[in-house]
Each structure stands twice: as C-alpha cells, then as structure tokens.
Number of protein chains: 2
Amino acid sequence: MVAPVDNLIRALSRLPGLGRRSAERAALALVRRPEALLDVLVAALQEARAEVCCCQVCGGFTSRGRTPCALCTDAARDDGVLCVVEEPSDIFPIERSGGFNGRYHALMGKLSPARQAGPDELRLGALAERVARGSVREVLLALSTDMEGDATAGYIGELLKPYGVRLTRLAFGLPADSGVGYSDPLTLKRAISGRVLCG
Amino acid sequence: MVAPVDNLIRALSRLPGLGRRSAERAALALVRRPEALLDVLVAALQEARAEVCCCQVCGGFTSRGRTPCALCTDAARDDGVLCVVEEPSDIFPIERSGGFNGRYHALMGKLSPARQAGPDELRLGALAERVARGSVREVLLALSTDMEGDATAGYIGELLKPYGVRLTRLAFGLPADSGVGYSDPLTLKRAISGRVLCG
C-alpha cells in the first residue's frame, strides 16, 4: 500500500462509524477522484474548522461570531426548562425529535472515574450559574443510560439541590449502554414526554 | 444544523461506505475534536492529494515520482502474466490474497453502454501495446461479475485476439453483481487458482 494512502486510511478509521474496511474504500475513492471527492471534502473540513465553534451559553455548535446561538436567542423557546446533554452533537437528535422546546446546556462530556474525567473538566459551574439566575423551573437530564451517565446525574442532583429546581431525566425507553446520539426521533420523543422526577 | 456542519456531512456522505447517519456522527466528532481528528484528516488528505498518483505503466496507485511503481519494477514478479482490473484500488485486495505474482493493468473503469462509457475512456490501447511487446503469455481478467464486466471481457477478447495470448478470467466463486473490491482474501485466492480459459 502506498504510504500516503495508508495514512489517509488511518485518519479515516479514527472517525466513529467507520471500520477499517469502509475507511479503505473511502480513501481509495478519494484518491481516485480527487477533484470530485477529495477537494470537496478538504474544503468542507476547512470551512467547518474556521466557521464552527461552541456557543458560550449552551455549549452547542454555532457559527463563529454567532454566540449566543440561534437556540439560545430564539424567543419562542421556554427559558424555564433546561435540557442538560453530554455532547454538543446530542442537541441535534433532540431537536429532530420535536419533543423539546426549552433551552440546552452541553456539559462537554460526562463524569468518568475510569478515564479520570472529573467535574472540573465539565461545564458544571456554568450550569449552576444558569440555574442560580432563577428563571429555570426544571432541569431535564438527557444523559447516557450507563454508569458514567448515572454518576453525572447524581453529581448534578447534589450540585443543584440548593436551588430547589425540579430535576427530571429522560424516561427509560433508551436501551442500556447507549446514548442520545444513537436514538431515533420517536424513541427520543417518547423518552422526553415520559420523563420522571429524579430521586 | 449549522451550515458548515451540514456541508461537511454532505461531503462525507458522498464517500462509499458512509450512510447519512455515519457521515453525521463523523462530522460531529470532527468539529468536536478539531485538533485530534479534523486537522489530522485534512493533513492526510492533502498529503494524499499531493503525493499519490497513478503509475504510468499499470495504472495503480503510487507515489509521485515513483512511476513505474514498486509492483511494475519488482524483479521477483512474473512478466508473463498480466492481471487486468477495473480500478487501481482492485490491486490491493488481489495483493492481499497472496494468490498472484504477475503484473497488473488497471483499465480505470469498465465498458458501460448505459453510462455511455466507451472503450476510448479506458486504458485499452495501453493494454494492447503491453501485450504486443511479446513477453506476456497470459492475460488474467479480474473484472466484475456483472453485465458491464462481461462486456469489457468480451471486448478485450476481440482486442487481444491478434496476439495469440492465453486469455483467462477469475474462477466463478465471486458472487453475482459484485466485484474484486468486495471480496475477502480466501475467496479471491480460490478464484485466482481456479481461473479458466476464456471462450
């Protein structure tokens, strides 16, 4: 195998959803049709690199120079319900489900004793500040249904206790060891409407 | 969805092996971790764009400045057997199978009346020239087992008739409507050792 093709296969293999075989097929198609595929992809990557950033309020993806983002500034959305997600990308499937009309807060990860990811690496201080401002009635936890998600939910429960806010989580309905990013819109919609009180 | 992220999803969706959903997951991972994923991928793509070209002899992928390629110049390989493939990428799975030790000739496609892809767009003249030079005893056709592959095989049969060369094709064993790029090494190895005379 030619070395630059091998490097390209390795770079593609690191993306979620691409096995070694699909990465190989993709790499060969890219070098076979550079104008049609490779140049287009490089341009899209460079544009995304230059233009996409995270909203300073919710942590979700937005265009550079547009922070707070469209979801944070949309006057039609309910300031009273704050949906906490792990990753900025988790916001998209929830929006697609059509089951939620409040605001978002992306933590940028979850608590993980195994990976030594502690509370300081997450946007937990910013979450407490938003809740402390007083307009939030309910915090809806849309976290993974695994041990790390549960640990994160427990931590947030303690963190927000002083504010007397209603704390809910997505209804079970999500399969175990999965997360928001893997769920279809209907499953997510049902999980949002069936959400239950924590503790 | 943020427009540059949408563009990136579209560019990734055009690659073989990536559905809309995997393209979306890959795009979100890329913008979430630009240093670890996006920059690495852009560098690999740009390196491949700059360094990879097609060998002037066999048509396979090689590094720029290295044409004829390593397979064409390897003295341990048999000049007497020439394996004809559709795409440069078809050479990799055949090499991986360990069942072939001759030279290669990539056509850069196949005949397709439906897509109006005629003989002039393929490296058929170059194939005839290589055979005319006289050292080739056998031409092994490793083409798709579909109508277009059959049409291409028939055309090459007529093209090479004047040279009295032995014309073989891969043994059946490949599934119908498939091609070299989809086969596992063992299937390919059996197909190479069981190859049969054309016509």
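Chain A can be laid on chain B by a turn of 180 degrees with a shift of 0.0 Å along the axis, giving an RMSD of 0.1 Å (least-squares superposition on the C-alpha atoms of residues with pLDDT of at least 70 in both copies). That is the relation of a two-fold axis. The model is predicted: local features need pLDDT of at least 70, side-chain atom pairs count only at pLDDT 80 or more, and totals for chains, interfaces and linings use all residues. Residues are numbered from 1 along each chain as its sequence is written, chains are lettered from A in the order in which they are written, and side-chain values use heavy atoms, without hydrogens and water.

- Within chain A, the residue that comes closest to the rotation axis is A:Val42, with its C-alpha at 3.0 Å.
- Both copies use the same surface, as 100% of the contact residues of chain A recur in chain B (contact: heavy atoms within 4.5 Å).

**Domains of chain A**

- Domain 1 covers 7-50 and domain 2 covers 78-169, with bounds from an automatic or database domain assignment.
- A distance of 33 Å separates the C-alpha centres of domain 1 and domain 2 of chain A.

- B:Val136 lies in the loop between helix H6 (124-132) and strand E5 (138-142) of chain B; helices (H or I, at least four residues) and strands (E, at least two) are DSSP runs, numbered from the N terminus.
- B:Val136 counts as buried because its relative accessibility is 12% (buried: under 20% relative accessible area, 1.4 Å probe, protein chains only).
- Leaving aside residues up to four places away in sequence, B:Val136 touches B:Asp79, B:Gly80, B:Leu82, B:Arg130, B:Val131 and B:Val165.
- B:Gly80 is 56 residues from B:Val136 in sequence, yet their C-alpha atoms are 4.2 Å apart in space.

Key. Buried < 20%, exposed > 50% of the residue type's maximum accessible area, 1.4 Å probe, protein only.
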